[in-house]
Amino acid sequence: MNSWLIEHLQRMNMTDALVRPEGFTREGYTSEETNAIRIFKEIAGELGLTVKEDAVGNIIARWEVPGGEEAAVATGSHLDTVPNGGAFDGGAGVVCSLGAVKLLKEADFSPKRPIEVICFRSEESSRFGVSTIGSKAMSGLLDPAIGTLKDQHGITLAEAVESQGFRWEDLLSAKRSKEELKSFVELHIEQGMHIVEHEKNYGIVKGVACPIRLAVTFNGKAGHTGTTPMDRRQDALAAAAPFVSFVQETALQLNDVYEKPLVATVSTLTASPNSMNVIPQTVTAGVDIRSVDDLLKKKMADAIQSEVARIEQVTGVSVTIEVLVNNPSVLLDETIAEQLFDAGNQEAYLAHRMDSGAGHDVMNMAQMWPSGLLFIPCKDGLSHHPDEHATVEDLKMGSELLARYLMEATKI
């Protein structure tokens, strides 16, 4: 099984080295993603699965059963990457799902309801600033208006979708009915160190921390850096500088008080006119706030609102806040979590119950169907990086856990 997992993960990554200095660049709705998905379809066919493609390019590889009228039990992940990313973020979930099917077929298991392995399109947000496009479409959560979003080359999302052979106006037909699926489980690398630090083998996720994202814009006044006296300036960057530290320090303080963890990051900073001899007139800070506790996220956002009011009063620089995203966090199905825990017991693996600070396709699927998320460890918690790595033993464990779950979930 070990060699099969490595061989087929290499096939989908179109490489003979899963860790390489340049990493992998396979962004959503590019020929690189399409080629990886083509190989996924080939492997699914080799396993005897029926392959179907929906209106936005998600691939549904289905283990049919006699009659076929029962709702399917589904698993899967994605094959796109961030620029210069790793081979395991998304890819591990896809290969382990296929590996689980292989294990069940080798054991001559006969499911009483269909099993699906789903490969979602465009999970990463790196190209268009919006994530999980394929699973949003499947779950009926995709807003057609986002077709106008552009990548760094000026290509719109709608144009990118159509460049890969799909019609943007057809995307709503990718939505599936509630009756089509019984449940969905995703496997993913952890992208952190909680499993290892708690001396466990795998993670069972209770909730996914969806973000509040803010664009905080400081509006000052441009002027010559050599001739404008210091006491007559409205320097937007000078006003924004302590704000960066405020976000960091306030998040740390909230973590000292509340049980659920929160993270808050000033993750982007743009200055205009960004010229050496001009006082910065406008600075926009992008703030990402995450916790599975929505009230705690709001507390952080409220603290930011109060701080910018204070900055305005002290500096004379006006500040505006635009809410870019405010998504409620997603709590996953407790019954499926228990089934994943039982699967670990049966396979002699120890589970760590945890939350996810990163978003995944499962958070959309959970809006429509009972869903679960399973984590396997990754080396040093590193992800979105060329050195991203999961051991073959952990890939094998993931396949075994999924196989055990699918076996139990498809008995009725």
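**Nonpolar cores and exposed leucines**

In the largest nonpolar core, which has 56 residues, the members touching the most others are M12, F40, F88, L98 and L395. A nonpolar core here is a set of buried Ala, Val, Leu, Ile, Met, Phe, Trp, Tyr and Cys residues joined through side-chain atoms within 4.5 Å, where buried means under 20% relative accessible area, exposed over 50% and partly exposed in between (1.4 Å probe, protein chains only). Another core of 26 residues lies apart from it, with L214, F246, A251 and I311 among them. The model is predicted: local features need pLDDT of at least 70 and side-chain atom pairs count only at pLDDT 80 or more, while totals for chains, interfaces and linings use all residues. Residues are numbered from 1 along each chain as its sequence is written, and side-chain values use heavy atoms, with hydrogens and water left out.

Which residues does L395 meet, leaving aside neighbours within four places in sequence? L395 is in contact (heavy atoms within 4.5 Å) with L5, I6, L9, F88, A92, V95, C96 and I376.

L331 is exposed, at a relative accessible area of 66%. Not counting residues up to four places away in sequence, L331 touches K206 and G207.

L237 lies in helix 7, residues 236-257, and is partly exposed, with a relative accessible area of 34%.

How values were computed:
Helix = DSSP H or I, 4+ residues; strand = E, 2+ residues; numbered from the N terminus.
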